[in-house]
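Welcome! Take a look at the structure before reading on.

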Amino acid sequence: MADQQRAAVVTGAASGIGRAVVERLRDKYDYLACLDVADLDDEWQDADDVHGFAVDVRDPDAVSETIEAIESVAAVEAVVNNAGISQAVALSDLGPDEWDRVLDVNLKGQYLVARAAAPGMLERGRGAIVNVSSVAGLRGSATGGVHYSSSKAGVFGLTKGLAKQLGPAIRVNAVAPGLIETPLLTDSDLWTEAGLADYAAQLPLERIGTPDEVADAVAFLCTDASYVTGTVLTVDGGSMLR
Ligand code: NAD
């Protein structure tokens, strides 16, 4: 199996941070498996190394079948659990269905993908999982609902528990982005333009981050951080210092 292709699985790969992660990992892995409910960027249509899978990360069977299909052609060596949704909603308007929807995508989805990918990695004795959380999980969110910050705090527990269970073969880490310029931020009612500018001005780095900057941190945790597991890397322009 020395010549087997090496695969990275990226969820939520059609947009924002996930899309940037795929681009960033292309020189590190042979096969980029992109799981999303949305269509992938047209730019990748003719790429030999980028493969789209229409998968809802909440669906256990679809997730397992997809990982199995990927494993039949390439060895999964990295998983980036990035798919996520947010919503601006006050507690008084937050119903149980919305709570479940956000927790299912943002937290249960990460568990399902990790559960499906871990056996192959363990068998081969190597792998890395990077879970995308948020600073909202560390300190609550000013604009997102409590379901969002709860799901992102849950990602830390998932990450640390998996790091203990899956070592030494698999390293498991999380990134906690601050505000990053993606459709989740800009095409939603989470922030007004003025609110965003105001927030950015107060950060030590005085600006919102880019998807590429999160992708750099994810790539580092996937391939370079050989003695790092169970940790949370904030990529937030210093927002936690405010
Ligand atoms: P985005 O909306 O641009 O991209 C999210 C992607 O996830 C989309 O392509 C979407 O189709 C996909 N997705 C949604 N539900 C899915 C499901 N059930 N199954 C499969 N795919 C699904 O958002 P983004 O800003 O790039 O967010 C990526 C991750 O980063 C999320 O987990 C988000 O919570 C986190 N994050 C973002 C910010 C930010 O400011 N943008 C800050 C902190 C954390």
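## A loop residue to start with

Let's begin in the loop that runs between helix H7 (193-201) and helix H8 (211-224), where Glu206 has its place. Keep in mind that this is a predicted model. Although Glu206 is not a glycine, its phi is positive, at about 55°. In general, most residues other than glycine have a negative phi. Is Glu206 buried or exposed? Glu206 is exposed: its relative accessible area is 58%, and the cut-off for that label is over 50%.

## A cis peptide bond

Another loop, the one between helix H5 (146-166) and strand S6 (170-177), holds Pro168. The peptide bond that joins Gly167 and Pro168 is cis, with omega at about 0°. Most peptide bonds are trans.

## The whole chain

Stepping back, you can find eight helices and seven strands in the chain. With a radius of gyration of 17 Å, close to the 18 Å that the globule rule gives for 242 residues, the chain is as compact as a globular protein of that length. Its C-alpha trace spans about 55 × 40 × 35 Å along the principal axes.

Among contacts with a separation of 6 or more, 70% are between residues 24 or more positions apart.

## Inside and outside

Of the 242 residues, 51% count as buried. The accessible surface of the chain is about 11300 Å², and carbon and sulfur atoms contribute 50% of it.

As for charge, the chain carries 18 positive and 36 negative side chains. The centres of these two sets are 9 Å apart.

Definitions and conventions: Residues numbered from 1 in each chain as written. Predicted model: local features only at pLDDT ≥ 70, side-chain atom pairs only at ≥ 80, totals over all residues. Heavy atoms only, no water. Helix = DSSP H or I, 4+ residues; strand = E, 2+ residues; numbered from the N terminus. Rg over C-alpha atoms; globule rule 2.2 N^0.38 Å. Buried < 20%, exposed > 50% of the residue type's maximum accessible area, 1.4 Å probe, protein only. Contact = heavy atoms within 4.5 Å. Areas by Shrake-Rupley, 256 points an atom, 1.4 Å probe, with all protein chains shown as cover. Lys, Arg positive; Asp, Glu negative; His and termini not counted. Charge placed at Lys NZ, Arg CZ, Asp CG, Glu CD.
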